[in-house]
4 protein chains.
Amino acid sequence: MSDNSFGTLFRVTTWGESHGPAIGCVIDGCPPGIALSEADIQPWLDRRRPGQSKFTTQRQEADQVRILSGVFEGRTTGTPISLMIDNTDQRSKDYSDIALRYRPGHADVTYDLKYGHRDYRGGGRSSARETACRVAAGGVARRVIAELLGEEAQIRAALVQVGGLAIDRSRWDWDEVLRNPLFCPDPITAIEWEGLLSSVRKDGSSIGALVEVVAENFPAGLGAPLYGKLDADIASGLMGINGVKAVEIGEGFGVAALRGEENADPMRMHDGVLHFEGNRAGGILGGISTGQPITARFAIKPTSSILVPVPSVNRHGENIDVMTKGRHDPCIGIRAVPVAEAMMACILVDHLLRDHAQNSWHRNRG
Amino acid sequence: MSDNSFGTLFRVTTWGESHGPAIGCVIDGCPPGIALSEADIQPWLDRRRPGQSKFTTQRQEADQVRILSGVFEGRTTGTPISLMIDNTDQRSKDYSDIALRYRPGHADVTYDLKYGHRDYRGGGRSSARETACRVAAGGVARRVIAELLGEEAQIRAALVQVGGLAIDRSRWDWDEVLRNPLFCPDPITAIEWEGLLSSVRKDGSSIGALVEVVAENFPAGLGAPLYGKLDADIASGLMGINGVKAVEIGEGFGVAALRGEENADPMRMHDGVLHFEGNRAGGILGGISTGQPITARFAIKPTSSILVPVPSVNRHGENIDVMTKGRHDPCIGIRAVPVAEAMMACILVDHLLRDHAQNSWHRNRG
Amino acid sequence: MSDNSFGTLFRVTTWGESHGPAIGCVIDGCPPGIALSEADIQPWLDRRRPGQSKFTTQRQEADQVRILSGVFEGRTTGTPISLMIDNTDQRSKDYSDIALRYRPGHADVTYDLKYGHRDYRGGGRSSARETACRVAAGGVARRVIAELLGEEAQIRAALVQVGGLAIDRSRWDWDEVLRNPLFCPDPITAIEWEGLLSSVRKDGSSIGALVEVVAENFPAGLGAPLYGKLDADIASGLMGINGVKAVEIGEGFGVAALRGEENADPMRMHDGVLHFEGNRAGGILGGISTGQPITARFAIKPTSSILVPVPSVNRHGENIDVMTKGRHDPCIGIRAVPVAEAMMACILVDHLLRDHAQNSWHRNRG
Amino acid sequence: MSDNSFGTLFRVTTWGESHGPAIGCVIDGCPPGIALSEADIQPWLDRRRPGQSKFTTQRQEADQVRILSGVFEGRTTGTPISLMIDNTDQRSKDYSDIALRYRPGHADVTYDLKYGHRDYRGGGRSSARETACRVAAGGVARRVIAELLGEEAQIRAALVQVGGLAIDRSRWDWDEVLRNPLFCPDPITAIEWEGLLSSVRKDGSSIGALVEVVAENFPAGLGAPLYGKLDADIASGLMGINGVKAVEIGEGFGVAALRGEENADPMRMHDGVLHFEGNRAGGILGGISTGQPITARFAIKPTSSILVPVPSVNRHGENIDVMTKGRHDPCIGIRAVPVAEAMMACILVDHLLRDHAQNSWHRNRG
């Protein structure tokens, strides 16, 4: 058990606070012989990095990752991979007036109730800054996927709704996601979102969003019965991203309104290969992957750091109003996109190794 | 790591298939000195037991639980509690015509792709029958909660939507949940559901549903940062219930459409006690409980076992149509209600022990 | 974490007390497709069964194992294997006069100090009766080894010292171990031990012993760096057997007196195959198996249940003298022999799966 | 599961190789509010640091520890504590002639057989340099012990045998351990060892040793049944130290020759307090601490890096002779002394938290 680790065979432990000297993670269980350098990880961090558009926090972080162990002569050794990212733009003083105040919607009050202290430096351990470590780990997981499954196995995410504005799925274009700073797969909606976000920002407010993540060309058989279900692990992984309040797989909440014959994806053989005619299951049946695209969606709340005053209390037990100055994302859903991809990559590598440990024996025999 | 276990300090391992001689579970880590007998567990199993109305499977199971270890002279000893329930109504022959066929929407095909065999006896390990073990474990967890936190700490669930028909929340009455076989908190909607379910059953079909679970009067501080978040564990636990495709906490998917000032629950001191004016957070901030009611909802798909033929394939790789005879629940959402309560009880006990291990020291000092 | 489980990928959870209705275990993570029936497990239990000679407890237990789950049509399914053994000869009354007394050398007092209760029924959970579950699990592990590695991979143990009488290693004959009830590999020493044990038994006393366990024809590469070392796991597994106070690998305590050139096993290529000229390392270097025989030895204390009075206290805090009537092993080292084999089998299967998960990829490529 | 982690509630994950840029560890689960700074950890590292006498490697490492996270305003926060130590004296070229050679007695060959590569830089991950991380973690564990149990709870280790020369236990003086560079509790034997070690060093050889570790004034009740036994965890922890081949608790291997009445420590009440008249059990009965001193001993092999040529092979499969130049400890047992203390400290804190989680409830009630 470790509150700051996830995964079982591909196990990631993260450490570090928003305003300490550095953050980082240790990856244990990575197969040896995988080509890996900082250049494989940095591009994913760059995607997540703040300050790239006016719609994310203006905090300036280089987010340069260093590999401190586990790689020798350009390949993983099978021993722990330690990754570190220095915190370069800390500006602790931005937070000094908030030292004794609990920001509503933030974890300030629950951390204090649990641990008996108040780390006022930008959220401390509960800051979204920690997600940089997950993205770095995801970069390693992607290299494992590429070497074990080939380049066709890929994981992509996109922002699909901001506030009340959803994309038009008929215009979905994955290449578009790479082109706009909002990770929007629909160029027309992207423009509408820019208007909405500018307005939200001007109001000193923030807004919620919906993110979708898809993993394609992964093998059938990943996941495990009951308490090792792939969808349960995805639910846990995505719900654990800062600000997430809901997760769904495939048809998701829509299944409540369906009848059995509408929901069950029909199967047919095509040229000797099993084919599903539909994917309401989101690529997972009984907790185990079917070989179809694995699809998940999650809702992320509006940033609680806003310039609008909200009633709150302080450590002395006095009623106050809190408004949070400083540099914040008006829509944390944007930067959650690369984080979701990274979590999915780590979870899938973990299940790939777990399934392989138990089941490659009969497959090799069969 | 164990695919058939959950929890860390209050750890439940379940075993058994739908049509084997018995099913059961082992609970490790239960505190000693807790009064416990079969009579504390049986009522919860009775609530979940099939055959209690025409809206659940007509399979007849006594579901009598036996405590085989871990209790001495009426109290837990701190050693593993082994619970066993005999399978009495197996009727394997009901399933004989399905032996080589993959039922669409079921885990038949993924279990075969993973493990290389087809347990045609009613779903084997992936049958919802396994959930009886969780309900039994939940009965033990409830005793722990009662002794450690007192009777006011309680966990209740209800069915809140069947197909397209949602309850009217203004009529919510917890006592009503105990009165009708559909666990519906709204007596008027309950009657509408009976009509809908009769129609669905007559069509040989099934229907999806939505369940809500609420835990009240639990302390603040449960949960842990990042990968031990209480909401992530709840998401994992509920998503792992058979047929669940979506989970949300508090405001859930609704947060996507909100602004920051709408979403953050204001705080105020009342008579020296911290009070939240709103609970969109569902009782959890930053993965840690606030002391408010912990609220979660999940969507459960329509049973895939229906009398309507659906295109499928068999183990020989031939295209066939499958319709599933036998005794099935037209709405598995109904019997998921006691299962959800049990999962929540086990998860909360686990986090109670985890938080206590690390944090009771400074609280005792403070 | 689970105090009553061991292993990570091949995970065994045991339950049950000496004088409850039954004992048992759940094995999670066994590969599917392994041929398995009760007949594969029962012979190992029969070897450990009490009452087979005058040198073990006269308690009569059939020790009949039943497989309750995880096997279908004669093969493992990949889901949990539940094994149960009824307690048939409990005779609780033998222990009634000891109910409030702490037997010196037993765990009575520490269980009470920890858990706050006294399970006076023959030691409860701390009774050596629990080791029957390990032997049953070992029977499953042996089937996995046979199917994955072939019959030449074998694990055998023997008693090598009783009291001050050690075997003559020049007379070592593994077949002899199967012939005498003392699991002695040296027929001449076996006769001397019979005399010693008869004398010890007549005195109402007991005596310590030394057990050796050897695993041959296992592949190189099992084990893992630092906190997953094969020798550390063997040390933990053997030290966890009731009454064990010391464990050594290979040369063991003897290394303290050696110089570097004496201790390092030389290596040479023979016909293109790496060969070690010596095995002081006991088949393990840096925590990882070399492919040589894996050898371990452990010391087990004399049974604390003796007819000789020893000063003690009772639950009321009064000084008393305790002598333990009832049916006890004069030398628990004898029945530890099959237990040690079983632990070694489970540990090696676990490491086989762990190594395979991470390292079969590069081996398949190489 | 994590091959590079140990502990469950006080969980330590280490990373780094002998000749990479740095080594470090992450401690998860430390209670919050514990006063902690680098100054609490550095003295323990200084004790272990190489180059302090002519009897340890002449490698010069400052071994300066930095706390990168988990401490705020001088106290632990309950979140992960990341510790880092730069490698300053790497001199990779010392090892260049050994790049393709397997050093006998080292893990070179097993790492290659497992992971398919040869990290020739001074042993890479299997180097004893990693033990600096354990000592740093032990420094944190000692702070936890001091705040939770008070200063009287202490853990001390000493070297008790080098080659064939054992100390005279009648001259045991703990203060002496702090005075001589060999951590010897007997000043007269210390002088004899100096002579022996000088001779060994002149021969280009090395020598084995025996270490003893004692934990005093820890509460009864630590440890858990069967697979969470305190002695099993100590056995695992000590056997996992580089070069250790044997571990014993209390009377250890000596129990093999004892009779029951000799081995069972008598109990008596003294002034209302339970008192053991003897400690052959080494402070542990049934895997659970008695409250007496916890005593363990382990044997550590002679360094395999010697100037005496030993037959070996290289990666090309050719027979060669290997002698290891460079800077090495003639007796690695010396620097294992602070490592053993650190492992014991971490293990005891872990069990303290585990026991507290489950058992403080009934104790508080009682």
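In this predicted model, the side chain of A:Arg297 makes a polar contact of 2.8 Å with that of A:Glu248, a polar contact being a pair of N or O atoms within 3.5 Å, where within protein one must be able to donate a hydrogen and the other to accept it, and residues adjacent in sequence count only if both atoms are side-chain atoms. The model being predicted, local features need pLDDT of at least 70 and side-chain atom pairs count only at pLDDT 80 or more, while totals for chains, interfaces and linings use all residues. As for bookkeeping, residues are numbered from 1 along each chain as its sequence is written, chains are lettered from A and ligands numbered from 1 in the order in which they are written, and side-chain values use heavy atoms, with hydrogens and water left out.

Back to A:Arg297, which sits in strand 16 (residues 294-300) of chain A; helices (H or I, at least four residues) and strands (E, at least two) are DSSP runs, numbered from the N terminus. A second polar contact, of 3.4 Å, links its side chain to that of A:Glu212. With a relative accessible area of 13%, A:Arg297 is buried (under 20% relative accessible area; exposed is over 50%, partly exposed in between, with a 1.4 Å probe and protein chains only). Leaving aside neighbours within four places in sequence, its contacts (heavy atoms within 4.5 Å) include A:Val247, A:Gly250 and, from chain B, B:Phe253.

Salt bridges come next: a side-chain nitrogen of Lys or Arg within 4 Å of a carboxyl oxygen of Asp or Glu. The whole structure has 128 of them over all chains. One joins A:Asp350 to A:Arg354 at 3.4 Å, N to O; both residues are buried and lie in helix 8 (residues 332-365) of chain A, four residues apart, about one turn of the helix. Another links C:Asp203 with D:Arg259, the closest N and O atoms being 2.8 Å apart. This pair crosses between chains, from the loop between helix 5 and strand 10 (209-216) of chain C to the loop between strand 11 (244-249) and helix 7 (260-263) of chain D. C:Asp203 is partly exposed at 41% relative accessible area, whereas D:Arg259 is buried at 18%.

The interface of chain D and chain A tells another story: here the rule finds zero salt bridges, but 14 residue pairs are in polar contact, both at pLDDT 80 or more. Each chain puts 36 residues into the contact. The buried area, meaning the accessible area (1.4 Å probe) that two parts lose on being put together, summed over both, is about 3000 Å², with carbon and sulfur atoms giving 62%. D:Trp15, D:Leu68 and D:Phe72 supply 19% of the area that chain D buries against chain A, more than any other three residues.

Elsewhere, the loop between helix 4 (174-179) and helix 5 (187-202) of chain C holds C:Leu182, which is buried, with a relative accessible area of 0%. Its C-alpha lies 8.8 Å from that of C:Ser53, although the two are 129 residues apart in sequence. Not counting residues up to four places away in sequence, C:Leu182 touches several residues, among them C:Phe55, C:Trp193 and C:Ile334. Also in chain C, helix 6 (residues 230-239) is largely enclosed by the rest of the structure, because eight of its ten residues are buried.
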